[in-house]
Amino acid sequence: MYEILSKEFFSENVVKLVIHAPRIAKARRAGHFVILKIGEKGERFPLTIAGADRENGTITLVVQKVGVSSRKLVALEVGECITDLVGPLGQATHIEHKGTILACGGGVGVAPLLPIVEAYKKAGNRVITVIAARSKDLIILEDQIKEFSDELIVMTDDGSHGQKGLVTEGMEAAIAREKIDEAIIIGPAVMMKFAAMCTKKHNIPTMVSLNTIMVDGTGMCGACRITVAGKTKFVCVDGPEFDAHQVDFDEMLLRLNGYKEIEKAAESTYLNLNTDSCQIPS
Amino acid sequence: MEERDTYLKSERSQPWREDLRKLISNKERTNMVRVKMNEVDAQVRIKSYVEVNSGLSMEQAQLEASRCIDCPNPTCISGCPVEINIPKFVKRIEQGEFLEAAKVLKETSTLPAVCGRVCPQEKQCEANCFYTLKLKKEPVAIGFLERFAADYEQASGEISIPEIKEKNGVKVGCIGSGPAGLTFAGEMAKSGYEVTVFEALHEIGGVLKYGIPEFRLPNRVVDVEIDALKRMGVQFETNFIVGKTATIEDLKEEGFQAFFAGSGAGLPRFMGIPGENYLGILSSNEYLTRINLMHAAELDSDTPVLSGKNVMVIGGGNTAMDSVRTAKRLGATRAMIVYRRSMDEMPARIEEIEHAKEEGIEFMTLANPIEYFADEKGRVKSVKIQKMELGEPDASGRRRPIPMEGSEEIIEAETVVVSVGVSPNPIVPDSLPDLETTKWGTIVVNPDSLQSSIPEMFAGGDIVRGGATVILAMGDGRRAAQAMHKYLTNKNA
Ligand SMILES: Cc1cc2nc3c(=O)[nH]c(=O)nc-3n(C[C@H](O)[C@H](O)[C@H](O)COP(=O)(O)OP(=O)(O)OC[C@H]3O[C@@H](n4cnc5c(N)ncnc54)[C@H](O)[C@@H]3O)c2cc1C
Ligand SMILES: Cc1cc2nc3c(=O)[nH]c(=O)nc-3n(C[C@H](O)[C@H](O)[C@H](O)COP(=O)(O)OP(=O)(O)OC[C@H]3O[C@@H](n4cnc5c(N)ncnc54)[C@H](O)[C@@H]3O)c2cc1C
Ligand code: SF4
Ligand code: SF4
Ligand code: FES
């Protein structure tokens, strides 16, 4: 069914997969995601569709190993199948000609950012992209992002690549130089919180794409709920994109950690049973 | 109506029925006491997911069946939304012809093994039994008997596959695999259509699988029926969200001529009170889905579930009862129901409320949460509850609960399950701008044909009714199939 056609390691923990899923490839637009499940008793978890090829009926996912499910996915080899895959889910990004766009991606958030950057560029915007990670080997998709960006700023915490500093420093630099009409931020929740504070300070309308915990992804359970402008919203059906300046990030951060202890325990059990570190090509 | 009466009369005057009636006097029949369902002991069952009711033995079933006096005017039938010929199947049981009894059920109901377990009989068939209405005695145990016959058939391995008309090559799509969709699919397959059921989740069965727990409705009972549909040629596509994975337009291009939306009322409501998004507060859908669909309580499942020692469930419906009893099975020492009206208004099936009491569930009625408090990690630790009193009846005819000032009380809870109702699933309506919906988001249909404002789109079950019942959803699936068959026959003529 959902066969893995190719697999490429961006770093030890970040992998790009191309998967056969013709219907999703046809229906998806920038901003959409899928829910996957691996094995009969696997958990359902979301990943953004980083790209698609309608002709060949494939979608591209970029996944970071963080816990049991992402590791199970990365452990699958070319030719193997994903048990369950459903999508495209969520609301597509609303892309129009705005002027100058500041696109910011942190860590694996660069993957979902890629199709959005591409779409903004194709809609005639000037796109300035800031990508950031802890160190050089965690920077992903740099060349692909560059292709659709008028300008690319790369930031690393340790200075091992691009400029040394946090994503917000790169953003500040761009904002100081020219007028930004709109910003989009995707990355870890903490990064989005601070990046959103930065654009708020400069009164730049900003979208964030949120990565809450999900179960069904169809609006049925409410696991993904957050507070936006004082109202409860479901990220899977109302989002995943929201007005960054209205999101209650502190609440979201608390909710993301809801299952942390159980999941850490599950991960160490999994790692004791499976050695999956041998998969990085030398 | 007349047609039905004539049919019922002619059935009733069959020699075998006449003979049975003569066998025992009505006096004797009405003096017998209603059978007790065999149950697993409360202390044993709360340690596992074993089905609470273990069914009737053959002797019990036949004895209970002989209580039914085979009324000339069987009022019980009008209490059943799909009008099962109740005396006929009950008398088949009395006679010992259990497979025949099952066939009678299948004349009008696709999922008798399910309905026998989950129908609110005390409000439907059994409420209208002669015993209840006239004798003021306990009604014939129609639900138990229905379950008996259906289980007998399932266990015999001789499931009767209905006769299927010659394939007509016409493709129709069914959106959702809950009881409405499954019934629709079965009926259309019988009439010779090529039916594909599209299901958003990875499992078939809708609420029957992800909602109602194993201890009340084992999955295998549902799977047998799904297998029967597969053998009838019904195709199932899981992981397929109509409106997302493909639109109705796409499917039309692929040759589908008409659709039935049985997409359910799957969206949980919250109350909008302070602290409701703290960790440990979840909808009953999330709680039950994690356990029933994702098997979170099993060791080899990857899906985690939070469940504390003190679990509070808000609400008084079947969903609330299923959640609180699940919490008990997950090891809660205190599992509580908080319901804003009184015991009398509780909408859950009476049997479930009784079972819950036996299992040590605490009931706090005339009480409502108004605020949640959390620890420093954002995990809920206690709930502020306000007492209520009953005022004048509201639009629903039930007395309206009114908050009592100064009655607040703080109760500890590390897990809170919110079970205060569901809204219709918006995915299908959202993807069809021309589809007429109500202000509640339910699909508007012609009450007879279940046809929507888009002629080739029919709809039924919870997406039309809001949260209702399994049997009503099934009845809708059946009626929609009949109407669609007519519609397509005219159109393709
Ligand atoms: C709409 C959406 C799009 C996403 N797109 C991508 C993507 O393109 N690539 C990608 O690698 N990941 C993406 N994610 C995050 C991805 O879903 C999680 O990393 C994954 O579910 C983790 O599962 P696991 O079992 O491997 O780890 P778990 O064992 O579930 O978690 C491991 C650790 O990660 C944390 N965690 C769990 N879920 C999330 C989450 N949703 N976000 C952040 N932290 C989490 C846990 O607290 C825990 O500390 C997306 C999430 C959403 C909601
Ligand atoms: C916990 C619980 C306990 C209950 N207990 C009882 C009881 O004891 N007795 C009783 O009579 N009733 C009970 N009910 C109510 C009863 O289950 C429902 O009324 C009934 O299931 C409605 O059937 P349905 O077919 O309309 O929808 P559902 O059973 O909700 O099925 C709808 C299906 O459609 C799928 N779907 C939705 N949108 C799409 C889409 N766009 N594309 C593809 N698929 C889609 C959903 O995933 C779902 O599987 C209970 C409900 C719950 C939640
Ligand atoms: S389907 Fe439900 S209402 Fe009808 S006879 Fe059976 S139990 Fe009673
Ligand atoms: S009303 Fe009661 S006694 Fe009469 S036929 Fe129906 S089940 Fe039997
Ligand atoms: S993931 Fe279940 S409602 Fe969003």
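The predicted model scores an ipTM of 0.90 and a pTM of 0.92. For chain B, the average pLDDT is 93, and 100% of the residues score at least 70. Within this chain, confidence is lowest in strand 14 (residues 399–403), where the mean is 87. It is highest in strand 4 (residues 194–198) of chain B, at 98.

Polar backbone atoms of the protein approach the ligand at several points. A polar backbone atom of Pro179(B) is 3.3 Å from an oxygen atom of ligand 2, and a polar backbone atom of Ala468(B) is 3.1 Å from an oxygen atom of ligand 2. A nitrogen atom of ligand 2 lies 3.1 Å from a backbone N or O atom of Ala200(B). Ligand 2 taken alone exposes 1000 Å², and 95% of that area is buried by the protein.

The shell around ligand 4 consists of Cys68(B), Ile69(B), Cys71(B), Thr75(B), Cys76(B), Pro87(B), Cys129(B), Phe130(B), Tyr131(B) and Ile142(B). Nine residues of the shell around ligand 4 are nonpolar and one is polar, while no charged residue is present.

Among the strands of chain B, strand 6 (residues 256–261) is largely enclosed by the rest of the structure, because five of its six residues are buried. Strand 6 of chain B is joined to strand 3 (residues 171–175) of chain B by five bridges, and the two strands run parallel. In this pairing, Phe259(B) of strand 6 stands opposite Gly173(B). Strand 6 of chain B is also joined to strand 18 (residues 457–459) of chain B, by three bridges and again in parallel. Here Phe260(B) has Phe458(B) of strand 18 as its bridge partner. In a regular strand, side chains alternate between the two faces of the sheet.

Two individual residues of chain B were also examined. Asn85(B) is placed in the loop between helix 6 and helix 7 (86–95) of chain B. The relative accessibility of Asn85(B) is 4%, and this residue therefore counts as buried, the limit for that class being under 20%. The side chain of Asn85(B) makes a polar contact of 3.4 Å with the side chain of Tyr7(B).

Val422(B), by contrast, belongs to strand 17 (residues 422–423) of chain B. With a relative accessible area of 24%, Val422(B) is partly exposed. Although Val422(B) and Pro268(B) are 154 residues apart along the chain, their C-alpha atoms are separated by 4.5 Å.

Terms used
Residues numbered from 1 in each chain as written. Chains lettered and ligands numbered in written order. Predicted model: local features only at pLDDT ≥ 70, side-chain atom pairs only at ≥ 80, totals over all residues. Heavy atoms only, no water. Polar contact = N/O pair within 3.5 Å; in protein donor to acceptor, adjacent residues only side chain to side chain. Areas by Shrake-Rupley, 256 points an atom, 1.4 Å probe, with all protein chains shown as cover. Near = heavy atom within 4 Å. Nonpolar A, V, L, I, M, F, W, Y, C, P; charged D, E, K, R; others polar. pLDDT = per-residue confidence, 0-100. Helix = DSSP H or I, 4+ residues; strand = E, 2+ residues; numbered from the N terminus. Buried < 20%, exposed > 50% of the residue type's maximum accessible area, 1.4 Å probe, protein only. Pairing = 2+ DSSP bridges.
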